[in-house]
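Subject: Handing over a structure

Dear colleague,

I am passing on the structure below, and after it I set out what was found, one topic at a time. Please keep it open beside this message as you read.

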Amino acid sequence: MFAALAMLGIATTALAHSTVKNTVPANEAVLPASPPAVVINFNEPARLVSVSVVHAGAPERKLTFAPEAEATSFTTAVPQLEPGRNEIKWRALSRDGHPISGTIVLTVQPATGAAKAP
Ligand SMILES: [Cu+2]
């Protein structure tokens, strides 16, 4: 029985941590303005535990969000991000019970007067 399972690559995959399929905006995105929210899509249902924002020189800001059940997609509203490099740090519980975490780096371009013209 165990030998049979060991021979199946699928068994290994099923026991692995949940992983992030993609995020919106994507990691390393350069944005013209602060996004209203960040979406994290997992490959299988996971439980989002915490999300925080780190901007150079500023203390880490923990975001509050309604605790949700296991899901494959989480949308978290983010506060106005400062121009420059911002790190959205998230922690989640993988379906296999293990903690997983990641960072989405978002660079917000400085606002320019010209860009605001109608
Ligand atoms: Cu795991």
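A polar contact here is a pair of N or O atoms within 3.5 Å, and within protein one of the two must be able to donate a hydrogen and the other to accept it. With that in mind, and remembering throughout that this is a predicted model, you can turn to Ser73, whose side chain makes a polar contact with the side chain of Asn41 at 2.7 Å.

Ser73 is found in strand E5, which covers residues 71–77, and with a relative accessible area of 35% it is partly exposed. Leaving aside residues up to four places away in sequence, Ser73 touches Val39, Ile40 and Asn41. Pro45 lies 28 residues from Ser73 in sequence, while the C-alpha atoms of the two are 7.9 Å apart in space.

The next topic is the aromatic rings. A search of the whole structure finds two aromatic pairs. One of them is formed by Phe42 and Phe74, in an edge-to-face arrangement with 6.0 Å from centre to centre and 80 degrees between the planes. This pair links distant parts of the chain, since Phe42 is in strand E3 (residues 37–55) and Phe74 in strand E5, 32 residues apart. Phe42 has a relative accessibility of 2% and therefore counts as buried, and Phe74, at 1%, also counts as buried.

Phe42 also pairs with Trp90: the ring centres are 5.3 Å apart and the planes stand at 85 degrees, so this pair is edge-to-face. Here too distant parts of the chain are linked, with Phe42 in strand E3 and Trp90 in strand E6, 48 residues apart. Trp90 is buried, as is Phe42, and Phe42, Phe74 and Trp90 together form one aromatic cluster.

Finally, there is the metal site. The copper ion has as its protein donors His17 (ND1), Asp96 (OD) and His98 (ND1), which lie 1.8 to 2.0 Å from the ion. Along the chain, these donors follow the spacing H-x78-D-x1-H.

Terms used. Residues numbered from 1 in each chain as written. Predicted model: local features only at pLDDT ≥ 70, side-chain atom pairs only at ≥ 80, totals over all residues. Heavy atoms only, no water. Donors = N, O, S within 2.8 Å, 3.2 Å for Na, K, Ca; no water. Helix = DSSP H or I, 4+ residues; strand = E, 2+ residues; numbered from the N terminus. Buried < 20%, exposed > 50% of the residue type's maximum accessible area, 1.4 Å probe, protein only. Contact = heavy atoms within 4.5 Å. Phe/Tyr/Trp six-rings, centres within 6.5 Å; stacked < 30°, edge-to-face > 60°.
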